Amino acid sequence: MSTQENLQGAFAGESQANRKYLAFAKKAEADGFSQVAKLFRAAAAAETIHAHAHLRAMGGVKSTAENLRSAVDGETFEFEQMYPPYIEQARDEGAKAAVISFQNALAVEEVHAGLYKEAFAKVEAGEDMAAATIMVCAICGNTVVGEAPEKCLVCGAPAAKFFDIN
Ligand code: FE2
Ligand code: FE2
Ligand code: FE2
């Protein structure tokens, strides 16, 4: 394998380790092991450093306009090509949690693609997006610029389930 391929594999592995450790930290916290939770969060932060270094080494971080284009492409691939067959197969197999998880992701990736397209147009014109809060649904990941809706349009969760990003 080429170094470029190795960087891609290492980036994927480190990225997954980051998210896995954060999930493990939440569980450790819930189980009353707060120091173990801290260790998981520390290792997760380190894996992010490794993932970012690998991504930069493979030339994966470009101008913000190019990064937005890459983000639009990734999100579009996911909601158009990747998730529909995943959902179908999960339904066939009666894997209910997977169906819901894939459906939530599909809907939200479409939202992301739209938001990234708007951001791309702004950045191409030399402008930042208009200042606004951005809210994320803790249940499905739905991403809303401005106030949280009364009910999440993707999963139906109430506004209180949204948290804001700064
Ligand atoms: Fe690592
Ligand atoms: Fe997304
Ligand atoms: Fe939601």
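A salt bridge here is a side-chain nitrogen of Lys or Arg within 4 Å of a carboxyl oxygen of Asp or Glu. The model is predicted: local features need pLDDT of at least 70, side-chain atom pairs count only at pLDDT 80 or more, and totals for chains, interfaces and linings use all residues. Residues are numbered from 1 along each chain as its sequence is written, and side-chain values use heavy atoms, without hydrogens or water.

**View 1. Glutamate 47 is buried without a salt bridge.** Buried means under 20% relative accessible area, exposed over 50%, partly exposed in between (1.4 Å probe, protein chains only). Glutamate 47 sits in helix H2, residues 34-57. Helices are DSSP runs of H or I, at least four residues, numbered from the N terminus. Leaving out residues up to four places away in sequence, glutamate 47 touches Glu14, Ala17, Asn18 and Tyr21. Contact means heavy atoms within 4.5 Å.

**View 2. Tyrosine 83 and tyrosine 86 pair edge-to-face.** Rings of Phe, Tyr and Trp (its six-membered ring) pair if their centres lie within 6.5 Å; planes under 30 degrees apart are stacked, over 60 edge-to-face, the rest tilted. The count is 5 aromatic pairs. In this one, the centres are 6.1 Å apart and the planes at 85 degrees. Both residues lie in helix H3 (residues 64-92), 3 residues apart, about one turn. Tyrosine 83 is buried because its relative accessibility is 12%.

**View 3. Tyrosine 83 and phenylalanine 102 form a tilted pair.** Their centres are 5.8 Å apart, with 40 degrees between the planes. Phenylalanine 102 lies in helix H4 (residues 96-124) and tyrosine 83 in helix H3, so the pair ties together parts 19 residues apart in sequence.

Key. Chains lettered and ligands numbered in written order. Helix = DSSP H or I, 4+ residues; strand = E, 2+ residues; numbered from the N terminus. Lys, Arg positive; Asp, Glu negative; His and termini not counted.
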